[in-house]
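Keep the 3D view open while you read.

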Amino acid sequence: MSLKLPAPVAFFLQEALSSLAFALAFTVQALYFVGTLHLSPVQLVLIGTVLECSAFVLEVPTGVLADVYSRRLSVVLGFAFLGLGLLVLVLGGTWGWALAAQVVSALGYTCLSGAQSAWLTDEVGEARVGEILVRGSQFGRLGSLAGLGLAAWLGSLNPAWSIALGGGVLLTLALLLALVMPETAFQRHAPESPLGRGMGGTFLGGVRTVRTRPVLLALVGVAVLYGASTEALDRLWEFHLLRSFSWPGWPDLKPAVWFSLIGAAGTLLGLVLTEAVRRRLDTRDGAHLRRSLVWTGGLGTVAALGFALAGQFGWALAAFLAFGVLRGLYAPLYEAYLNQGLEPRTRATVLSIASQADALGQVAGGPGVGLVGNLLGVRAALGISALLRLPVLLVLGWLGRRAEVAAPAD
């Protein structure tokens, strides 16, 4: 009897369990870095830099591997490396091991970034993938709620325990997917080639696809700009809330509980908004997807600016929650839009190139914005990060003048 699940169910399983694990680990990761490892601000910035530099280097080889050999294998390995990275972080317990954990985690992220949506698109078809991606984000938010509850409890006792449990969940997910994840539509395109030649040909095919299609090239540019805008927001939002405001005087709420409550509020809001959007979204219509991206990106920019400029804790929290919800909605819409019209032979490679562009933007933009924060304050850094999203909206507006996203080379 086959243990394989239908592809949408396997994807929903990935989203739910990985989100549970990420909530367990990342809700309290900042507390672990500062409270347990006693990292300085410079060391905290280097954590992100090492992660993104590693992702930039590893992104294309892992994407090509998924196109040449197996997307299912790439997804399984991705979750396994992510789990291993979290265990390295807490079992090592030093600054050096924390850096090593970022390299292992980057390998996991890059194994997933191109292969996961490419696998799903192959299995269900371009017409259905957008709807399933959006639905999957809802399962992810449900998993996050469970993880946030556990993180509030375990993180208050010891942040390392919460991170370690997150790593264990990811390793368990990898093992489970090895048993139940199907791969029926994938075809090897270069099985007779040596690894180098097969991967090299697939990579060059992906680069050629991007270079000869202006829409794809523009979307890769969007990824660079979007990545540059997110790095400072990711690294500084907790610092901004902790240092720029007087928090409500609720007794006996430890930081782990506070951040879990914030995450839970964002998750619940995201569930409601995502369901409303899903009911109205036609993921088979490229123009509709583009307009949805413009609205989501525009409102996200306003929310990010509001977070940077808010003068009171309540307004800052509301703006941050709105920004997080809109960011969570932007990702599946972008993936669905980018997936339209891609050749199956190079689909994962093209998606990995887009992810590599995002990593490049974070590496290039993060330190500069961080320097602004040191010189002019965290509000200035966050405000500049928000404004970096404006060119993204201009590019998406330009795409509106294209006949269709999947058009061949001009």
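## Helices, rings and cores

Let's start with a pair of helices: H1 and H6 cross in a right-handed way. Keep in mind that this is a predicted model. H1 covers residues 7-26 and H6 covers residues 126-157, and their axes come within 6 Å, crossing at roughly 35 degrees. Which classes of residue make up the contact of H1 with H6? There are 14 nonpolar residues, along with seven polar and three charged ones.

Now for the aromatic rings. The count of aromatic pairs comes to five. One of them joins Phe 11 and Phe 12, and this pair is tilted. Another joins Phe 22 and Phe 26, whose planes are at 25 degrees; that is under 30 degrees, so the pair counts as stacked. Here are these two pairs set out together:

| Pair | Centre to centre | Angle between planes | Type |
|---|---|---|---|
| Phe 11 and Phe 12 | 6.3 Å | 55 degrees | tilted |
| Phe 22 and Phe 26 | 5.6 Å | 25 degrees | stacked |

Phe 22 and Phe 26 sit four residues apart in helix H1, so about one helical turn separates them. Phe 22 counts as partly exposed at 23% relative accessibility, and Phe 26 is partly exposed with 31%. Phe 11 and Phe 12 also belong to an aromatic cluster that they form with Phe 139.

Next, the nonpolar cores. In soluble globular proteins, nonpolar side chains tend to be buried together. The largest nonpolar core in this model has 58 residues, and the members touching the most others are Tyr 32, Phe 79, Leu 120 and Ile 163. Which residues does Tyr 32 contact, leaving aside neighbours within four places in sequence? They are Leu 37, Leu 89, Val 90, Gly 93, Pro 159, Ala 160 and Ile 163. Another core lies apart from the largest one; it has 22 residues, among them Phe 259, Ala 319, Phe 323 and Leu 382.

One last stop is a serine. Ser 105 is found in helix H5, which spans residues 95-124. With a relative accessibility of 10%, Ser 105 counts as buried. If you leave aside its neighbours within four places in sequence, Ser 105 is in contact with Leu 51, Phe 81, Leu 82 and Gly 85.

Notes. Residues are numbered from 1 along each chain as its sequence is written. This is a predicted model: local features need pLDDT of at least 70, side-chain atom pairs count only at pLDDT 80 or more; totals for chains, interfaces and linings use all residues. Side-chain values use heavy atoms; hydrogens and water are left out. Axes are lines fitted to C-alpha atoms, for helices over the stretch in contact, and angles run from 0 to 180 degrees between N-to-C directions. Helices (H or I, at least four residues) and strands (E, at least two) are DSSP runs, numbered from the N terminus. A crossing is left-handed if the near helix is turned anticlockwise from the far one by less than a right angle, and right-handed if clockwise. Ala, Val, Leu, Ile, Met, Phe, Trp, Tyr, Cys and Pro count as nonpolar, Asp, Glu, Lys and Arg as charged, and the others, Gly among them, as polar. Buried means under 20% relative accessible area, exposed over 50%, partly exposed in between (1.4 Å probe, protein chains only). Contact means heavy atoms within 4.5 Å. A nonpolar core is a set of buried Ala, Val, Leu, Ile, Met, Phe, Trp, Tyr and Cys residues joined through side-chain atoms within 4.5 Å. Rings of Phe, Tyr and Trp (its six-membered ring) pair if their centres lie within 6.5 Å; planes under 30 degrees apart count as stacked, over 60 as edge-to-face and the rest as tilted.
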